[in-house]
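Reader: I would like to go through the labels used for this model and hear what each one rests on. Please set each value beside its cut-off.

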Amino acid sequence: EDTAVLDREARGFPDHMARHNANGLFIAERLRAHPAVEQVWFPKWETSAAYEAVRRPGGGWGALITFLPRDAANRAPRVYDALEVCKGPSLGTVFTLACPFTLLAHYTELDWVESCGVPRNLIRLSIGLEEPEELWQRIERALAAK
């Protein structure tokens, strides 16, 4: 039974990845243009030359996005809490996940991490296969959270 499920899911993998890539780019571009966002980290803008060197023909930029809200010390916890997505550190699900990456990965060394240029209030999104406009509306509501 496990083999049958694996076979079925593997056949849909190329389509799933195309949707992950398209949704990731859609959300990253929206975040980058949003006035409540200070910075967005996404391969298309941060590491494009290295990424292009290994990207497959027709491949995308992935679905992993990291962003920093403006006034992050005050706003990031509110934005994160208001995000209407599942929360957790896992990657690669078919649904969107959010995590406070630096806090999760470096909680006991936040001053050191910041001295290396990594803000403590980053929010990381692993974009899933949801309808991108509907997902964006959920993210935009979180960015507007008071």
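Reader: What makes the pairing of the R120 and E114 side chains a polar contact?

Author: This is a predicted model, and in it the two side chains make a polar contact at 3.1 Å. The cut-off for such a pair of N or O atoms is within 3.5 Å, so the label applies to R120 and E114. A polar contact of 2.8 Å also joins the side chains of R120 and D111.

Reader: Why is R120 called partly exposed?

Author: Its relative accessibility is 24%. Buried means under 20% and exposed means over 50%, so a value in between is partly exposed. R120 lies in the loop between helix 7 (110–115) and strand 5. Leaving out residues up to four places away in sequence, R120 touches T102, L103, L110, D111 and E114.

Reader: How do you know that T102 is buried?

Author: The relative accessible area of T102 is 0%, and buried means under 20%, so T102 is buried. T102 belongs to helix 6 (residues 101–106). A polar atom of its side chain lies 2.9 Å from the backbone oxygen of P119. Beyond four places in sequence, the contacts of T102 include Y107, V113, V118 and L122.

Reader: Is H20 buried or exposed, and what makes it so?

Author: H20 has 9% relative accessibility, so H20 counts as buried against the cut-off of under 20%. H20 is found in helix 2 (residues 13–33). Among the residues touched by H20 are G62, T93 and I127. From H20 to R120 is 26 Å, C-alpha to C-alpha, and 100 residues in sequence.

Reader: How many residues does helix 8 have, and what is its span set against?

Author: Helix 8 has twelve residues, and its first and last C-alpha atoms are 16 Å apart. That is close to the 16 Å expected at 1.5 Å a residue.

Reader: Which residues have the most contacts inside the largest nonpolar core?

Author: They are I27, L31, F67, L83, L125 and I139, in a core of 27 residues. Helix 8 gives the largest share of this core, five residues. I139 is in contact with I27, L31, L83 and L125, leaving aside neighbours within four places in sequence.

Technical notes
Residues numbered from 1 in each chain as written. Predicted model: local features only at pLDDT ≥ 70, side-chain atom pairs only at ≥ 80, totals over all residues. Heavy atoms only, no water. Helix = DSSP H or I, 4+ residues; strand = E, 2+ residues; numbered from the N terminus. Buried < 20%, exposed > 50% of the residue type's maximum accessible area, 1.4 Å probe, protein only. Contact = heavy atoms within 4.5 Å. Polar contact = N/O pair within 3.5 Å; in protein donor to acceptor, adjacent residues only side chain to side chain. Core = buried A, V, L, I, M, F, W, Y, C linked by side-chain atoms within 4.5 Å. Expected span 1.5 Å × (residues − 1).
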